[in-house]
Amino acid sequence: MTPPNDATFDYAMPSLGADMDEGRVIEWRIAPGDTVHRGDLVAVVETEKSDIDIEIWHDGVIEELLVDLGQLVDVGTPIARLRRVGGGPPTMKGAPVTTERIAEGSIAERRVASSPLARRLAADRGIELGDLRGSGPGGAVVEADVLAASTAPAAPAAPAAPARPDPPRRSADTMRQLIAERMSTANREIPHYHLARDLDVDALETWLAERNANRPIDERVLPAACFIRAVALAAARHRDLNGWWVDNRFEPAESVNVAMAVSLRRGGLVTPHIERADERSLDEVMAALTERVAAARTGKLRSSWMTGASITITHLGDTGADLVHGVISPPQVALVGFGRPRSLPSAVDGSVVIRPVVTATLAADHRATDGAIGSRFLATLAQLIDHPEDL
Amino acid sequence: MNTPDDIRAANPSIDRPGGHDHVDVATMVLSAIADVAPEVEPELADLDHDVDVWNELQLDSMDHLAVMTRLSEQTGIEIAERNYPRLTTIRSLCDFLAAGGD
């Protein structure tokens, strides 16, 4: 394939999260000759976690599609060539093709050194690369190793007939594997500290009930959206918790992009984010949340939701546990948890009364902050929840 | 999908006076749930219409709102939040919708 010239540029397979290193286009939404604009959906990419609608970041005219449907390619591989219109991206003569820059943990670190062909073969044959001894440069697993493993009679895991040309790679098992790796990294590398604070949600519940009573059902707001707004506003005030730990230092995020853990019924979870949640209205956050949860559950996430989250929320909901001691999603430095709403006896003005309470927790990275900052964050959160009309 | 016949076969008790309304409305309610949460569809045919459907199917508040929004759109019936506590079973939902709300 020739490199792009001055009149053209390539669009590369984007990284759709720290745990993605390859993907395959399963549907094109564009064809050669089409004019595209920044933000347009160009393809559906199958990753291990979900099918994701990927967006283009520059205006242009599609010249050529560079990969076949179903072809597994590494992140960064050019998948379409575009002709420039107007400015387009800077020319990248001699520079390697790069994806949109995002602060993400090292992908190479968790990956078994292997050749692309070996990975493809292994995926087709259901072989775990990690189980193989590599004979390539630097111990990399190469084609011959995979072929040897798949023909070895002693390997019962290897299916006899690698017949299906395009096997589904994603399953509850691969999702489990990804979460296992990511959370192991988090627990190994991040010195977590955990804080908790009970939030009195009486004012919030009363205010929401009144607000929702006067609105049609599609304009009603759930407590989850209020928690996202509150975390966004609190993170905007405590910027040390909003960003990424990269290269042994904290890199603050410029905007507050709040990710929300959405559990999937087939198992596992995904964490799409709401960009600039601190600058959106509560209604806008609710609409964004509804859209992302529906997309997550039907496997139609957008690429722009999957990278660049600066802080994450896990909300256990009405039937969840009382509180959660979360595990941070690296390279982020904070995770905020909301437990199940409970009626608890509380001391108010010297009397014991029953109040609705949600326990908020903060798991934070001790490399980036200390408990004092975490405590102030939770205090801000409590104050915001106490004044829901400001959300 | 859950045709009225499937549902009737799975739930003989709903064929009672007025049961046809219930079956038709139940089909709509179950379809709305299946649209929002396709993964629970296999459980719908055998679902007891008198249990707390949200707990039984492990549907969360987002699913709940999505189902209620769909039903409201399809029937034109306003489902106020204050009615939520009593709309926890397929039967109570059907009775509510068949009566045109409250």
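Predicted model: local features only at pLDDT ≥ 70, side-chain atom pairs only at ≥ 80, totals over all residues.
**Entry 1: chain B**

I read along the sequence of chain B and got the pattern α-α-α-α-α-α. That makes 6 helices and 0 strands for chain B; helices (H or I, at least four residues) and strands (E, at least two) are DSSP runs, numbered from the N terminus. Residues are numbered from 1 along each chain as its sequence is written, chains are lettered from A and ligands numbered from 1 in the order in which they are written, and side-chain values use heavy atoms, with hydrogens and water left out.

Next I looked up burial in chain B: buried residues make up 50% of its 102 residues. Buried means under 20% relative accessible area, exposed means over 50%, and partly exposed is in between (1.4 Å probe, protein chains only). I also checked the contacts in chain B with a separation of 6 or more, and 53% of them come from residues 24 or more positions apart. A contact means heavy atoms within 4.5 Å.

**Entry 2: helix α5 of chain B**

I picked α5(B), residues 61–75, and checked its span. The 15 residues reach 21 Å from first C-alpha to last, close to the 21 Å expected at 1.5 Å a residue; the expected span is 1.5 Å times one less than the number of residues.

Which residues of α5(B) are buried? I found Met62(B), Asp63(B), His64(B), Leu65(B), Val67(B), Met68(B), Thr69(B), Leu71(B) and Ser72(B).

Then I looked at both ends. At the start of α5(B), a side-chain oxygen of Asp60(B) comes to within 3.0 Å of the backbone nitrogen of Met62(B). After α5(B) comes Gly76(B), with a positive phi near 75 degrees.

**Entry 3: a sheet in chain A**

I traced an open sheet of 4 strands in chain A, in the order β1-β8-β6-β3, with antiparallel pairing. Two strands pair if DSSP finds at least two bridges between them. The edge strands are β1 (8–12) and β3 (35–36), each pairing on one side only.

Ile62(A) stands opposite Leu82(A) in β8(A). I count β8(A) as largely enclosed by the rest of the structure, because 6 of its 7 residues are buried.

**Entry 4: the nonpolar cores**

I looked up the largest nonpolar core and got 109 residues, with the most contacts inside it made by Phe338(A), Phe377(A), Leu381(A) and Ile33(B). A nonpolar core is a set of buried Ala, Val, Leu, Ile, Met, Phe, Trp, Tyr and Cys residues joined through side-chain atoms within 4.5 Å. Helix α5 of chain A (residues 223–237) gives the most to this core, with 11 residues. There is also a second, separate core of 5 residues, including Ile190(A) and Leu335(A).

I listed the contacts of Leu381(A), leaving aside neighbours within four places in sequence: Leu199(A), Ala230(A), Val231(A), Ala234(A), Val336(A), Phe338(A) and Ala360(A).

**Entry 5: the aromatic pair**

How many aromatic pairs does a search of the whole structure find? I got 1 over all chains. Phe227(A) and Phe338(A) are stacked, 4.2 Å centre to centre with 10 degrees between the planes. Rings of Phe, Tyr and Trp (its six-membered ring) pair if their centres lie within 6.5 Å; planes under 30 degrees apart count as stacked, over 60 as edge-to-face and the rest as tilted. The pair links distant parts of the chain, with Phe227(A) in helix α5 and Phe338(A) in strand β18, 111 residues apart. Phe227(A) is buried at 4% relative accessible area, and Phe338(A) is buried at 0%.

**Entry 6: two loop residues**

Buried or partly exposed, I asked of Pro341(A)? Pro341(A), in the loop between β18 (334–338) and β19 (342–348) of chain A, is partly exposed at 33% relative accessible area. Beyond its neighbours within four places in sequence, it touches Glu205(A), Gly317(A), Asp318(A), Val357(A) and Val358(A).

Ala277(A) sits in the loop between β15 (273–274) and α6 (282–298) of chain A, and it counts as buried at 0% relative accessibility. Leaving aside neighbours within four places in sequence, its contacts include Ile228(A), Ala232(A) and Val285(A).

Technical notes. Polar contact = N/O pair within 3.5 Å; in protein donor to acceptor, adjacent residues only side chain to side chain.
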